[in-house]
Each structure stands twice: as C-alpha cells, then as structure tokens.
Amino acid sequence: MDRAEKLKKYRTKKVHKQTGKTGTGLFVTGGIGVLVLGVLLFFSFYHKKEEAVLSYVTKEELASCMSFLQDEAVPASEKNAAAYVTQGQLKELIRNIGLAGTISINGGNERLTREAVMDCYEQVLDYLDLAGAVRKETILVLSWDGKTCRTADGKLKGNTAALGLERFHTYRVYVLDDTILGIKAESEKTGVLRQVQVHAAVDSKSSSKKASESFLSVTYQKQDFEIPCIDQEGIRQLSEATNGATCTLCIKGGTVTKIKEIQNQADASETKKQEEKPLQKLSDTVNVLLLNKGKIFYDQIYLTADSGWTVKKDKKTTAKQPLKVLSVKGLKLKKGSSVLVQPSKASGRLFFTDQDGNPVSKGYYGSFTIYKDTEGYYVVNKVNIEKYLYSVVASEMPASFGTEALKAQAVCARSYVYRQMAAGDYKDYHAQIDDSTNYQVYNQSEVVEADIKAVEDTAGEAMFADDEIVNAYYFSSSAGHTANMEIWHQDADAYPYLKIKSLDPVQSGKKVDLSSEKAFEAYIAKKDADAFDSSSRYFRWKANVELSASVKELKQKLNERRKINPALITYYRTTGKKAVRTSSLKGFGGVKKMSCTKRGKSGAILVLTIQFEFGKVEIRSEYNIRSVVGCAMEQITYADGTSDTASRFLPSAYFTVSFDKKSSRYVLTGGGNGHGMGMSQYGAAGMSQAGWDYKQILSFYYDGATVKKVR
C-alpha cells in the first residue's frame, strides 16, 4: 500500500470518527491539528525519572514529536510532563489520532523504551507526514541551553528543554524546519570538526591530570570551545606547533578521540612553503558541498536543467529533456552508491526544484554528484573555479560597488578558495568546501555581467605574502579603521599582512592609536568623519541597552559563552576586600555598571567589564562582546536614520559606553559592521569610486601582499 492509499484509508477512519460511526474521538471539524492539544492531557500515570534521559521518552518530548500535526506547539506545562511514556498512554495516543487499526501496540502501565516509542512514531510519520516535513538528521552538539542547539552545521531550536542533549555528543534527531522535535537515539557515528583553530592543548602530564581530563581550547566557526581529549599523541604534536595551528577533530561521546591534519598557520617555514607551492598545479575545478539549510544531508532531492542533460547511474547514461524533473528517491540508490548529473553543454545549468518542478535555487554550472549515505543524500557540485567565483562575487558584493571593487572581491574570493582546496576539509564527502558562510556564500544571488567581467578580468589571480597565499579575511564596513588579530586575542605577528590602518582618504594607511577612551570617544562622535566606507549606514550607529531588566537573559548568555571558552569570560566575586575568581554567577545580584576596561589601537573593545552588586565579569573577544551586550539591546539607530528593535547582536565591538539617567538605559555610540580585519567591502567600493584600481585596493588592505597568477 503506497502513501496515497494509506492517507485515503486514514481519512476514511477520520470521517467515521467525526460522524460517530466508530465511537467517540478527539477529532473536530477543521483538521487533525487540534488533537495534539490532548497529547499531554490524556497522560495520567507518573513514573519517577530514575534511568538515563535517553533510555525512555517523556510525555513532553512525545508531545513535541507530535507537534507537526498542529499550528502551535503543545504546551509544556501540563501536569507530569516529565513522566515517562507508558504502553497504555501510547496506545491511547494512537487511538486518538485514528491509527488504532493500523498501528498495533499493547496497553498497560509498563514504560516503553525510547526505541519502541520512536519505532511507533516513525509509523505515525509514514501515515500522516506525507509531505516529509519531519526529517531525520545526525547532529554533533556543540552547545545546548534548553532552547537553542548549536551543532557542527549551524543552529537548531529545541521544542522542549527536556531533550537532554549533551555537548560534543552525536544524536539521531527528528527535525521540523529548524526545530528539533525529539531524539531517536544517541548515534555511534564519530562527529568531525574541520579547520579548527587551536589556542591551547593541555595533556595529562603537563596538567597533572588523568588522560581523560586532557583538553583542547579551540575556535570553530568563530565560536570558542573547550573539549576533553584522549589523543595524547595529537596533543603532543599540537604542543609543538605555534599559535594559530589548525586541525581536524574527530569527536565521539563528548571527547576528542583523534586529532588529524594539523597545520601550522603561523610558521612560514620552508616545509610550509613547499606545501603551498603545489597550489600552482591545482585543478581548475572545485568540489563544493551544497548544504541543505546548513545541513549536509537531504531526505529527498528534485532536480532539473535549463537545457538537455544526462543522468549516469551504474555506468548507464540516460538523456533528459530540458525542464524534466528528476526525483532522486526514484533512482533507488543503495548506500555508498552515487549518481552523476550534468548538462549536455558547458553553458547549461542545474536547478534544485520542488516536486512540481518549480526552481528553488539559482542555477548551478558544472555537474552534480549525488551520494547516498546512512543519513540520507548529499550533493557535490564540481564546477570550474572561475564560474564558481561568478556566483561568489554576486553573493558577497553588490554590482553597484564598482568594477575595481568587484575585481578586488574576486581576487579575495579566489585566494580563499585556493587556500581551502589545499586543506581538504570535506574529503570525507568528496568535496573541498561548502557553499555557506563557513567558507564563502555561493549561489545566493543572481549573477550579472559585472560579476562575470570582474572574475574574467582577474582570471587565475590570487594574493601572496612570502610565496604563501594569504588568509583573505574581509567584512562589510568599518568605523573608519581596520583591525588586526588583537580583536580575537591572537598573535597579530602570525598574520603580518593584517594591520591597523585608517580609511581616511587623505590619511589612508596612516598609523592609528585609538586605545585611549578619550581618543576613541572623540573619533566615534564625528558623524561626518571622512572614510572610504562612510556611505554604509553602519558607519555610525547608536544603540540603547537595558541591562537591569535583562539580568536573567544577560546571565544566561554569559554562562553560554563562558562554557564555550572559559579563558575569554572571567567571573569575580567582590563581596570581600579582594576580588576572587569564581566559576558561577550565583549571588552576583543585579547590574550596577558596564564599562570598557581595555581598548585596542583600532578602537575595538578588547575587554568589557560588567559590574554586578556582588561580583563582576570581564568579557574578551569581539564576538563575545557583541553577543552578550546585544542580548539586552532594545533599539539600534543607524547613520541613515533607520532603526531596528528586533536585533539582538551588536554590529561591531567599536563603541563607547555611557549611561542615560533619565531613561535608565546604557547608550552605545559605535560604528562599523563586522570584525574589522582585512578588506572593508564598503571601503573597497569607496576606493573604486575614488579611482583606485583593484591591485591598489588589495595592497592597502593586505599589507605587503602581491597579486600573482597561480595558473
């Protein structure tokens, strides 16, 4: 019986219930959604939670799983929501949703294992979730605060705080849109984090701890983490590397089990130079992993092309007509197998579509290889680098920024992709990079002629410093100056081409020192200060922050950020004569004062202090500062007069702090959007309009770097 027949049978049962032919039910005219409001109400038998959270399923979690049937989530405050689901309760649920004659389950007060409940739930999905809205994913949890789960692939919301997700553990979960509904099981699969920057590697010998207590202090996707590690040999190798080393971490059961692919970013030794030289011989194509809303795997894929195309499976090639829709599930791929899809001519493009053939993506040049894995399908786009860059430039910078700015963006993007291709971050997925902000935004905007021309005019060019391709950081707009690695509390000497510079057209490149409060306050107060990127609405902004009314949110955010890297957020208890370090905010009371206690030469705040009634907190790293203070932001007004009351993340860490007694609000006067290192995109636009060519723009932002042909 296919799904259509199952649904027909199900709807027949529903009509019978509504008309009273098979007894009473909870269905009412207007749809099955409202039934789920009874999911918690009919549960009455309570069991004390004695076993591990993953052994059984709570009523709250089951209600969350069933929420795909209604418009609003089931309230989590019903009586005994934390009790475990019994046979009788699940049987009653199955009866109430009209599947009693289809899904068989015994009654009774015995608790059901998670496996039994979720096996039943999957049958429910098979009958009622015909659109496949609920998908199964495997996630590596980096943090979980009961509301938001940060994974190796992005962020997911939690429908219930009862999920009990543990940091650095891998789970098989059910997801609806961007929300986790429930957990199928903890996965035995090893999670992998690539391009992880290591700040400290402490082994058991140097710390006088057991091997199980060794740890790594790392940054991953601009987030800081401290992770237990049992790979003593890997720690030893990392300890021999200088600051800024990157590596790949294999994580299982909350612990790093293997450290691989260690690369010393700061050491420009002869060995490193020799490793970079093969970049001259790199292929002119790149393999891009196409993510599914930030995730690697897809449950289903529909494709088409704007011209003739072919599908090659098991050495058999089938020709397809333009706009013909292909359902990948219909190919019945086996685990470990793949299919190659490509246009018949070089100018053809492939498109993701919905099941009706309506495009849901921009067009992709090159080919798609679709792989089948245990978790689902994943897609790799093999594309010529220059055609890849068409879309990157279009997605990263508006064409209105000018020809030379677009050329500068093209060279930055090309430098970045060449460097990442050598790293091999996604080799386990037959790819080298992905299409998200983890690398560079790809295929999010329509390509126009100006984008193509910028790429073709700079074909094959990348930036080098001492025969090594540079790390081409770039950001949206500045407050008038660029920054160096001090904003991330890293060694600025490791990246000598990233320097603090003024963007004043008259004094461009002039040495800057805005580390004193007086100097920075005087500068940021100048709304008409001259800079190449002063046309950005973020050049100057003013934010109102209410800390007193946001103490709970503030402390939650501080704890969240501190768990990621305790070295960057420090708590002090101040009840005695001397401030004493502590690991908890308990007893700190309300907020008394917020102030900048250390500012960098670029003007960015390096250390922000929040004084509580009985304690204080020191916050380091621009991202932490923007995140913590931003959670209490009520309104931000930009240079163009527009304002926003929904944003909860500060545009930058370039701001002053004052307190308005009349409104009892902190007033932040700031500027810039982004971290501030490398090329300001708005600044590049201003330079282009001022007559600078792209090589002049690049040599300004990447001091000492030169543009060379790599092929």
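G683, A684, M687 and S688 in helix α14 meet I697, F700 and Y701 in helix α15. Contact here means heavy atoms within 4.5 Å. Five of the residues in this contact are nonpolar, two are polar and none is charged. For that count, Ala, Val, Leu, Ile, Met, Phe, Trp, Tyr, Cys and Pro are nonpolar, Asp, Glu, Lys and Arg are charged, and the others, Gly among them, are polar.

The model is predicted: local features need pLDDT of at least 70, side-chain atom pairs count only at pLDDT 80 or more, and totals for chains, interfaces and linings use all residues. Residues are numbered from 1 along each chain as its sequence is written, and side-chain values use heavy atoms, with hydrogens and water left out. Helices (H or I, at least four residues) and strands (E, at least two) are DSSP runs, numbered from the N terminus.

Back to the helix pair. α14 spans residues 681-689 and α15 spans residues 694-701. They pack at an angle of about 140°, with their axes 10 Å apart. Axes are lines fitted to C-alpha atoms, for helices over the stretch in contact, and angles run from 0 to 180 degrees between N-to-C directions. α14 and α15 are therefore oblique to each other. Angles under 35 degrees count as roughly parallel, over 145 as roughly antiparallel, 65 to 115 as roughly perpendicular, and the rest as oblique. The crossing of α14 and α15 is right-handed. That word applies if the near helix is turned clockwise from the far one by less than a right angle, and left-handed if anticlockwise.

Seven of the nine residues of α14 are buried, so the rest of the structure largely encloses this helix. Buried means under 20% relative accessible area, exposed over 50%, and partly exposed in between (1.4 Å probe, protein chains only). The buried residues are Q681, G683, A684, A685, G686, M687 and S688. Their cover includes α8 (385-396), α9 (403-423), β23 (474-475), β34 (679-680) and α15. Just after α14, G691 takes a positive phi of about 100°.

Now look at L698, in helix α15. At 2% relative accessibility, L698 counts as buried. Leaving aside residues up to four places away in sequence, L698 touches A408, V411, C412, M463, M679 and V707.

Next comes an open sheet of five strands. Its order is β26-β25-β29-β28-β27, with antiparallel pairing. Two strands pair if DSSP finds at least two bridges between them. The edge strands are β26 (580-582) and β27 (591-599), and each pairs on one side only. The twist averages 25° from one strand to the next. Antiparallel β27 and β28 (residues 605-612) pair over seven bridges.

Five bridges join it to β6 (residues 191-202), and the two run antiparallel. Q197 stands opposite T219 in β7, and V202 has F215 as its bridge partner. On its other pairing, β7 meets β8 over six antiparallel bridges. There F215 is partnered by P228. β7 and β8 form a hairpin with two residues between them, and Q221 in the turn has a positive phi of about 50°.

In a regular strand the side chains alternate between the two faces of the sheet. Both faces of β7 are covered: F215, S217 and T219 on one side and L216, V218 and Y220 on the other are all buried.

Five of its seven residues are buried, so β18 is largely enclosed by the rest of the structure. Four bridges join β16 (residues 338-343) to β18 in antiparallel fashion, with L340 partnered by T369. Seven bridges join β18 to β19 (residues 376-384), also antiparallel. I370 stands opposite V379 in β19. β18 and β19 form a hairpin with two residues between them.
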